[in-house]
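Hello,

Here is the structure I promised to send over. Have a look at it first, and then read on for my notes.

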Amino acid sequence: MRLSTTSDVWWKNAVIYCLDVETYADGNGDGIGDFRGLAQHVDHLDRLGVTCIWLMPFFPTPDRDDGYDICDFYGIDPRLGTLGDFVEFMRVAADRGIRVIADLVVNHTSDEHPWFKEARSSRDSRYRDWYIWSDKPEPDDPKGVVFPDAEKSLWEFDEGSGQYYYHRFYRFQPDLNTANPEVRDEIARILGFWMELGLSGFRVDAVPFLVEDVTGKPKEVDGKLPDVHAFLRETRAFMKRRNGGAILLGEVNLPYPDLLKYFGNDLGDEVTMCFDFIGMQRMYLSLARQDAGPLAEALRERPMPPKDCHWATFVRNHDELTLDKLTDAERQEVFDALGPDKDMQLYGRGLRRRLPPMLDGDMRQIKMVYSLLFSLPGTPVLFYGEEIGMGEDLRAEGRQAVRTPMQWTPHRNAGFSTADSLPIRLVEGRFGPENVNVSAQRRDPDSLLMWITMLVERYRECPELAWGDYQVLDTGTPAVLAHRADIDGETVMVLHNFTDQDVTCEVLIEGLDQNDVLTDLLIEGTVEVPPDGRTTFDLAPYGCRWLRASAPEEAPADSADIEDSESPETGT
């Protein structure tokens, strides 16, 4: 493919890295991560091959929901630094060629936001209609309560004004009335402000809940009823006017037919990328069963996004590892295999664990999973610490179990801070910083960090994986997932063994014959293709292979080729 094409639509083969400034690196020794500390560690991300940093909320906040309860959309949480520190970080990232996006959390505000304080002060307040009010609580759907351990209703009574306000999440997070044109204008100003400071887009929190008809009496806006898709189209159009390369990365956890609407159907004028929650959940079911079938089925079901839109793939994110789209029986299978203790589970629908402890530290299996992440069709998204195999802290409450300080060194405070004590505890034991850290893995060629660094490099060298048409192939065994990606006459084929046994499988590779070879991209060697295209592959337990098809004379060189080409006279 032409690099000019891939650079125009940069997000389709990006490597996105999600981090929380508060837990990444402390630059002033107060025990809390900040932008100064983050700026000093951008080179780690550059060496890893990250092309886009996704910042979790960094705005002023009472911090009752890890920063998702915002009380000023135009500022920086003073614990994390100043606007000047933010701009300095952005400059460093840009110098390394790394784009930055940030969480856009405009479903709600904190109840300490000046808008809500003013709104609840009087029914005649100019901000009253910026929130959703009712004289009596509307009937709740229990399935709509996002945090059933903490909330029993979506409505909270405000004694001062004598009405109920709506909150899709916690009661201290009143929902904004995004059907109100004034609210939409303010959201556009927020987007414009941060884009002027260099952001290349936003990850949109809880997209389906952005615009909701919860009272049964929606108000018309410009003669039309409020609609989340109209809001997304307006937002995307505004961003495109300001920066044609800016993106919206959507958190849309819905079945594929419903999710496709949030791309804008065939027009692709709403969310630029959507997370593939279905594929992620089926992957964990495949891991639990040691059977590639569930993931293969999801990939066959997954629709093609509109042109220039894309899927975002991930192993885990910053929330609980949701399994809500599996059946009850399937979810229990995953619980039994990967998180059997009740303390490892959350809300009855997910796991509050990271991958390495779930797999009991089996590096063969862990490396196979990240090979999947970087080879499946979509843009890979890493959560901080995944590159070194960090674990969770089950002593922490809820989702906080996976939001522990980054482990840079085996020394005091894991190299995260020089403070005497940390407000957020470090992971201890087998996955603590003494055993899992950046500095040691950087020097170990067999480490997970170096494996993922290589996967990123190979992924960026294979635009077919991000841009090509993909096809799940029949392997004749449930143990192995095989798929191919094709574009502009180029083919890359990938195989993964989900079991702890050696496997040999035969795959029909249409369009290839004895005039082609398959060159291994993760190890040295080639595979010859028979005349009928039916090719045999051997995979070690939890093995993975990436192979590029080419004519023999065009195959990538390996060390044997270099040795054969050395001159006996000069040795060069």
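Helix α9 passes helix α11 in a left-handed crossing, where left-handed means that the near helix is turned anticlockwise from the far one by less than a right angle, and right-handed means clockwise. The helices and strands named here are DSSP runs, H or I of at least four residues for helices and E of at least two for strands, numbered from the N terminus. Before going further, please note that this is a predicted model, in which local features need pLDDT of at least 70 and side-chain atom pairs count only at pLDDT 80 or more, while totals for chains, interfaces and linings use all residues. Residues are numbered from 1 along each chain as its sequence is written, and side-chain values use heavy atoms, with hydrogens and water left out.

Back to that first pair. α9 covers residues 277-289 and α11 covers residues 328-338; they pack at an angle of about 60°, with their axes 9 Å apart. Axes are lines fitted to C-alpha atoms, for helices over the stretch in contact, and angles run from 0 to 180 degrees between N-to-C directions. The two helices are therefore oblique to each other; angles under 35 degrees count as roughly parallel, over 145 as roughly antiparallel, 65 to 115 as roughly perpendicular and the rest as oblique. On the α9 side, Y284, L285, A288 and R289 meet E330, E333, V334, A337 and L338 of α11, where contact means heavy atoms within 4.5 Å. Sorted by class, the residues of this contact are six nonpolar, no polar and three charged. For the classes, Ala, Val, Leu, Ile, Met, Phe, Trp, Tyr, Cys and Pro count as nonpolar, Asp, Glu, Lys and Arg as charged, and the others, Gly among them, as polar.

Two further helix pairs are worth a look. Helix α13 (residues 363-375) packs with helix α15 (residues 448-461) at an angle of about 25°, and their axes are 10 Å apart. That makes α13 roughly parallel to α15. Their crossing is right-handed. From α13, the residues M363, I366, K367, Y370, S371 and F374 make the contact with L448, W451, I452, L455, V456 and Y459 of α15. By class, this contact has 10 nonpolar, one polar and one charged residues.

The other pair is helix α6 (residues 181-196) and helix α7 (residues 228-242), whose axes come within 11 Å and cross at roughly 35°. The crossing of α6 and α7 is also right-handed. Here R184, I187, A188, L191, G192, M195 and E196 of α6 meet A230, F231, E234, T235, F238, M239 and R242 of α7. The residues of this contact divide into eight nonpolar, two polar and four charged.

Now for the protein as a whole. Its secondary structure comes to 17 helices and 22 strands. The radius of gyration is 25 Å, close to the 25 Å that the globule rule gives for 572 residues, so the protein is as compact as a globular protein of that length. That radius is taken over C-alpha atoms, and the globule rule is 2.2 Å times the number of residues to the power 0.38. Along its principal axes, the C-alpha trace spans about 90 × 55 × 45 Å. Buried residues make up 61% of the 572 residues; buried means under 20% relative accessible area, exposed over 50%, and partly exposed in between (1.4 Å probe, protein chains only). Among contacts between residues at least 6 apart in sequence, 68% join residues at least 24 apart.

- E392 lies in the loop between β14 (379-383) and α14 (438-442). At 11% relative accessibility, E392 counts as buried. Not counting residues up to four places away in sequence, E392 touches R352, R353, R354, P357, A401, V402 and V427.
- N413 is found in the loop between β14 and α14. Phi of N413 is near 55°, a positive value in a residue other than glycine, and at 13% relative accessibility N413 counts as buried.
- Y347 sits in the loop between β12 (345-346) and β13 (350-351). Phi of Y347 is near 60°, a positive value in a residue other than glycine, and at 19% relative accessibility Y347 counts as buried.
- G293 is in helix α10 (residues 293-301) and, at 32% relative accessibility, counts as partly exposed. The C-alpha atoms of G293 and V480, 187 residues apart along the chain, are separated by 8.5 Å.

Best wishes
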